[in-house]
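The sequence and the structure come first.

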Amino acid sequence: MKALIFDLDGTLVDTVYGHALSWQRALAGAGIHTDAARLHRRIGMSGELLMEASAREAGRNLSSADMKSADRRHARYFARLIPTPRPLDGAVLLLQKLRQRRVPHGIATSGKGKGIQSAITALKLPRGAVVVDGSSATQAKPAPDLFIQCQRRLAVAEKDCFVVGDATWDILAARRAGMLAVGLLSGGFGDDELYRAGAFRVYRDPQELMDSIGHLGISL
């Protein structure tokens, strides 16, 4: 395999539960009350899909204006809750080693623009790093668009890419893109869930992935 494509939240930075709690408060502002555990399982979808699923489950409809307001509330709550995202164990060093060994790699996330900037900064990515966010995709995960765009920017074939993600949405999107998927437990999904979704391998976090990366045919 020639390239690695990483999800962001829960894969490289410890932000999944912060997003779940922020969405819970944001949706409550629109009159939709849902458990944080349910929202946790939707992190990785686009915000639009998450809101639509939560509204449908509550028997409600959200207008476009309602969704824009809830999205802004989510961004505001998340910035207050986690102003400086913490990189997961091994994440910064793994990315650094990939750069040193010139292994093509990039990040593909459903997050958008300013909402991901603090995480990108925390990972100490250099200028020119390949980052594809939700604003550049027609459809978010579990559609494969984000991973396909990232793969094209890396200038490698689909069959030469591993996708690394923490959620079943990442695994499903990778399969639809024709790529092998590696799951991480750092976002809260269980290894059984990730394997059932189609993961090739599952590791604890970026540190264990780095320690075991030879199993993927990559030398650091």
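The largest pocket has a volume of about 600 Å³. A pocket here is an open set of points on a 1 Å grid over the protein atoms alone, where a 1.4 Å probe fits, with protein on both sides within 12 Å along at least five of seven lines. Grid points are joined across faces, edges and corners, and the volume is the space filled by probe spheres set on the points.

The model is predicted: local features need pLDDT of at least 70 and side-chain atom pairs count only at pLDDT 80 or more, while totals for chains, interfaces and linings use all residues. Residues are numbered from 1 along each chain as its sequence is written, and side-chain values use heavy atoms, with hydrogens and water left out.

The lining of the largest pocket consists of 34 residues (those with an atom within 4 Å of a point). His19, His74, Ser110, Gly111 and Lys112 lie nearest the pocket centre. Two or more lining residues come from each of helix H1 (16–28), helix H3 (47–57), helix H4 (64–81) and helix H6 (114–122). Helices (H or I, at least four residues) and strands (E, at least two) are DSSP runs, numbered from the N terminus. H4 gives the most to this lining, with 6 residues. By class, the lining has 13 nonpolar, 10 polar and 11 charged residues. Ala, Val, Leu, Ile, Met, Phe, Trp, Tyr, Cys and Pro count as nonpolar, Asp, Glu, Lys and Arg as charged, and the others, Gly among them, as polar.

H4 also packs against H1 and H3, as tabulated here. Axes are lines fitted to C-alpha atoms, for helices over the stretch in contact, and angles run from 0 to 180 degrees between N-to-C directions.

| Pair | Axis distance | Angle |
|---|---|---|
| H1 and H4 | within 8 Å | roughly 135° |
| H3 and H4 | 11 Å | about 115° |

The angle makes H1 oblique to H4, whereas H3 and H4 are roughly perpendicular to each other. Angles under 35 degrees count as roughly parallel, over 145 as roughly antiparallel, 65 to 115 as roughly perpendicular and the rest as oblique.

Contact means heavy atoms within 4.5 Å. Residues of H1, including His19 and Trp23, meet residues of H4, including His74 and Tyr77. The residues of this contact divide into 7 nonpolar, 4 polar and 3 charged. In the other pair, Glu48, Met51 and Glu52 of H3 meet Met67, Ala70 and Asp71 of H4. That contact has 3 nonpolar, no polar and 3 charged residues.

Two backbone features lie in loops. The peptide bond from Lys141 to Pro142 is cis, with omega near 15°, and Pro142 is placed between strand S3 (130–132) and helix H7 (145–154). Arg102, a residue other than glycine, has a positive phi near 55°.
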